[in-house]
Structures are given as C-alpha cells and as structure tokens.
Amino acid sequence: MTEIDAMTAIYPPLLVFAAALLMLVLPRIAGFALGALSLAAVTAIAFVAPEGSHVSMTFLGFDVQPYLVDEYTRFVAIGLGFLGTFAVLYAYSSEAPRVMAAFALAYVASALGAVFAGDWLVLVFMWEIMAVTSTLLVWHYGRDAVRAGYRYALAHGIGGSLVLFAVIAHYAQAGTFVYGEGATGYTGDLLIDGGIATGIPALLAVLGIGVNVAFIGFHTWLPDTYPKPHFAASVFLAAFTTKTSAYVLLRAFPEGHLWLAYMGGLMAVYGVIFALLQHDMRALLSYHIQAQLGYMVAGIGLGSAIGVAGAMGHLFNNVLYKSLLFMAVGVVIYRTRENDLYKLGGLWREMPITAVAFFIGALSITAVPGFSGFISKGMVFDAATGYFGGDAHWPLFVLLFIGGVGTFLSFIKLGYYVFFHGESDREVRDARPGQTTAMLSVGGACVILGIPAIGWPIFTDLMPVIDGTQFAGLGVEGTLDPYSMGHLQDAVLLLVISAIAFPIIRKPLSKLEYDDPALVVNKLGYTTGRWSMLLVTETFAAVDRTAVSLVRTGYWIGNNPVLAVEGGARRLPSWLVDVEERRSADGGRPSTISLRASIGFTVLLITLALTIALLLVL
C-alpha cells in the first residue's frame, strides 16, 4: 500500500541530492543558495508531514518503505535539516570549493535517506552511500586527509559490511525487511517500531553500528579523520554520521540492553580523558563526539521512556552545539592558520563574535542551566537513577557524572588557551558575515531550547516519547521538570568541581602528550596491510619466476634435445649410461652419450613412470 499526500510525494533526500548535482553546474552563489534552500525545505517537510505518512513499494521482489514519517524520524530530520541549512551557509562564507560542498550535500542526502527509511534494506543502502560520500568529502581536501580518508573508508567498509550481513540474517529469520514486522526481537510494546532479529543478526548489527557510533576500540577513525579535512567539511562530519548511527542503534535495539548502557558510560569517560590530552583543537572536539555519544548510547541501552527521550534529545542537541563548536574553532583556524590550542591565546579581543559563539556551544555541551544541553543530559541522568521508573544504576550514573566533569574541564581548557590565556600577538579579523550568521543562528537555537519555562517545553514537545511535560501513553508517572532542585544541584556540583580542578591540573596537563592506545590499530593495520601485500606480491613473483623458468627450460630442451640429454646423463649413475666422446655423423657437435641399458629396460622405466603419473592424477 502507498499513502501519498502533497508532502509525502516529495522525497526529502532526493531534494538535497538534486541540489548537490546542480551545485556543480550553477554559479557558486546560486549553487550554495539552492543547497541551503533544499535543506530548509527538508526541515519544513519534517515539521508538517503527517505522522504515519509512508511510501511502500516492491523492490527486487521485496517489500520496502523508502519513506516513513514517525515521531523519531521527524525529530532527527528537523535537527539535521536545520543544522545542514546553516552548515551550507558557513561553507559558502568559508570559501569552501563547490565540489567539496557537492560532496557534503550528497553525504547529507544519504544520511537523511537513512533517517527516513522505513525498512532495513533501504537503510543499509543509504548507510553505504553515506560511507562513500563522507569518504569523498574527506579525500577532497588532499594532504594528510588522503591517508586518513583511506583508514576512514576501511573502518566504515568493515562496519557497513557487518550491518549488511546483519540485515541479510534478519531477513532470513524474520522474513521481511520492514521495521517492526516479523522480527523476533519485537514485542509490540516497544517505544519505537523496529528491532533487529535476535541472535546472529543482533550481534552483527551491534558490531557494525558500533563502528559508526564509536564504541571504545572501534572509535579510532573519529579523532584520526575529523581534524584532517577542510574545516567547513568537519562541520558536516560532526553532525551526520555519528548522530544518524545513534538513531539507527535505537531502531535496532528499541528495548535496550544493559551492557549497551555501560558501554555508553565508559565512552563518556574515555572520550573526555583523551580530549583533555589533545593539543589539536579539532581532535579535542572529535573525542568529545565519542564522549557525547556515550550519553546517547547509555539512554538507548537503558531502554526506559526517559532514557530513550533523553538520548534522542541529546542527539538533537549534539547536532547543534557540536557543529557550532566546530564552526567557531574553524573560524579560528581560518583566521590564524593554527590548529594547536597551546600556540594561541587572547583572541577574544580580536574575535569577540567567534568567542561568543564558542562559549554558547561550550555552555550547552557542558549542560549549564539555561542552555539546551542541560535539558537532555539531565534526562539521561534521570534514566540512570531510575527517577521515572526502572532500576537505578548508580555505577552508570557515576560514569556519566565523571564524563560531565571531564567535559567541563575540556572546554574550560579550550576556551582558556584560545581566547583568554596571555595576549594575542596576531592581528586577525573576526568571522565573516556568513560565518557569523550561521554560528549565531545555531547558537540561538541552543539558547532558546534551554530557556526555563519557555523554550524547553517546546523542545520536549518535539521529542519522541514526551508530549509537553508528560510521557505519552507509556504508563510512566511523573512530570518532567528539568529545572528541579536535584538537576540544578548536579549542575552546580559539576561546575564547582571543574572550577577547582582546572587550576590544579592546568600546567601538568599542558605538558602531557599521550596518544590514545587504541590508535595502535592504525599502525597495526598499516603494518599488517603492508606485509600482507608484500607476502602476496612476492609469492606471486616467485610463482611467476618459476613458471617462466620452466617454460624457458622446456623451450630450450625442445630446441637442444642432445645437449639436454647429455646434461642429464652426466647426473645419472654409470650403470645406466656410458658417456664417451663420439663425433656425430653429420660433422656437427659430437654426441657424448650412449645408452648402456637395453631398449626393453628403457620402455619398462617409461611405462612405470607414466603409470605412477596416471595414478597420481586420478
């Protein structure tokens, strides 16, 4: 069945992909304008398309739903579309090449295709396109981004293959690709339709999705790749791959799993530890992507109503404030040509607008009251403590709290060394008008959605699971109150601990430079790949040399049978041959061999040899 109205007749990812193609042929300003308008249109469609709208069809004999609108797809698509609109404006003002922007739009289109998909087959198709287009976006910059891009492609190729195998195994078990139909992992009482089949499909899915969601040990592509391309490309990368993957993780595991929740807690701690050790500004932000994903994974893993709502809210917020932080840092790099935060300082006087944008993002990611991050992070904390039903998991809460302290310390460090420490010896200008518009628009959303009693109810009303301040029909008691005394006390405690700790650790921290031990995977991968290649090529070369030698020997024997027999005869026992000097009858080279064995014995030997060869063949 197909349900189509004026809005569902427009497939949002196709709008963005068409804009990507047209960007290559239109004048630069027209191409970027069209790209921004296409993403603004996606945001509008996500707002107004009726919930439950879908397009069903048959593809290669399988039932598929390439387009589905529910409260989850709507929420994620609004965030991605809104951010994408201003990311295009930022890229235009940052002098990004048209080809790079076209790759970025194609990447965004594939991510939206994965979000709007209503079945696993379309999802995995879009997942693979997302991997290809994001790799091209990284590669376009050249330089160090090329080698990092190869490692990125390898990681996502492995992850995508695992997801593909999971989807095939899911179909074999469930008999359908459509979300929520036939899967043994789906009970009908879940917060979200979907669920990958249990057993092998679930194992393959969690490993494949875990690559994109940056599980510990699978995350090395993230800090390795995101600091390398054009700084405007990093804004797109920060928003789409990991956030789309967190959404897919929820689709695959709507009931959650406790071990997933604790993986999220460990990610929050691991990410902030290595963020604190970074000198490169974008590497620091990249590790914080992993840390913030930890809160999403924790909420999804807990599987409660407040956990899922908090995870999706944090996903939405992270799309905004993480991209905003990459925008602000990108302007610093654009103006100073410097990536090392310890070589900067005092820039707030020269770049006040950029400093304001940065601190809006920093205050939001650290969950300061009055900013959107405070709302969603508090919801994940509530899920860990069992505030709205479910079991309390205090070790998980401690991990998430430690991650919060590390987040505060990281952004105090980044803001201090870039904008306040010392006096700037650089005469630099502030952000360009387009960059300023993009940063303040995204920053404005971070502020508006966190305003007490005004903005946050709008935010929670957009969230899935929650209707205003109440959980929609899930039997959960209690009214959501992000600005409760308990939440405010948590925020003050985080701030106080961080404010006391930073002056103590600042100098020792500036002298530390430890690599993430997991990055040994890159070296092992390079070494293994290199020696594997050498093993294969040298083995092939040896076989080739042997074959050529045999052919040459056979060819020589065919042209010089007498010499060949003489040479072989010298190696045979004397009882078999009698080698002596004889002159050939035609006056040519003398024959030096005569057979001592009889003709009958010779025929016997040949017959035995042929018999043995035939037996071996058979």
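A salt bridge here means a side-chain nitrogen of Lys or Arg within 4 Å of a carboxyl oxygen of Asp or Glu. Keep that in mind. The model on screen is a predicted one.

Start with R151 and D224. Their side chains meet in a salt bridge, at 2.7 Å from N to O. R151 sits in helix 6 and D224 in helix 8, so this pair ties together parts that are 73 residues apart in sequence. Is D224 buried or exposed? D224 is buried, with a relative accessible area of 9%. R151 is partly exposed, at 27%.

D224 has another partner. K228 forms a salt bridge with D224, and the closest N and O atoms are 3.7 Å apart. Shared partners join R151, D224 and K228 into one network. K228 counts as partly exposed, at 25% relative accessibility.

How many salt bridges does the structure hold? It holds 5. One of them pairs R432 with E95, at 3.2 Å from N to O. R432 is in the loop between helix 15 and helix 16, and E95 is in the loop between helix 3 and helix 4, so the pair ties together parts 337 residues apart in sequence. R432 is partly exposed at 28%, and E95 is partly exposed at 49%.

Now the helices. Helix 11 and helix 15 pack at about 160 degrees, with axes 11 Å apart. Angles over 145 degrees count as roughly antiparallel, so that is what these two helices are. The crossing of helix 11 past helix 15 is left-handed. Among the contact residues are H288 and Y295 of helix 11, and F411 and K413 of helix 15. The contact divides into 11 nonpolar, 7 polar and 1 charged residues.

How values were computed
Residues are numbered from 1 along each chain as its sequence is written. This is a predicted model: local features need pLDDT of at least 70, side-chain atom pairs count only at pLDDT 80 or more; totals for chains, interfaces and linings use all residues. Side-chain values use heavy atoms; hydrogens and water are left out. Axes are lines fitted to C-alpha atoms, for helices over the stretch in contact, and angles run from 0 to 180 degrees between N-to-C directions. Helices (H or I, at least four residues) and strands (E, at least two) are DSSP runs, numbered from the N terminus. Angles under 35 degrees count as roughly parallel, over 145 as roughly antiparallel, 65 to 115 as roughly perpendicular and the rest as oblique. A crossing is left-handed if the near helix is turned anticlockwise from the far one by less than a right angle, and right-handed if clockwise. Contact means heavy atoms within 4.5 Å. Ala, Val, Leu, Ile, Met, Phe, Trp, Tyr, Cys and Pro count as nonpolar, Asp, Glu, Lys and Arg as charged, and the others, Gly among them, as polar. Buried means under 20% relative accessible area, exposed over 50%, partly exposed in between (1.4 Å probe, protein chains only).
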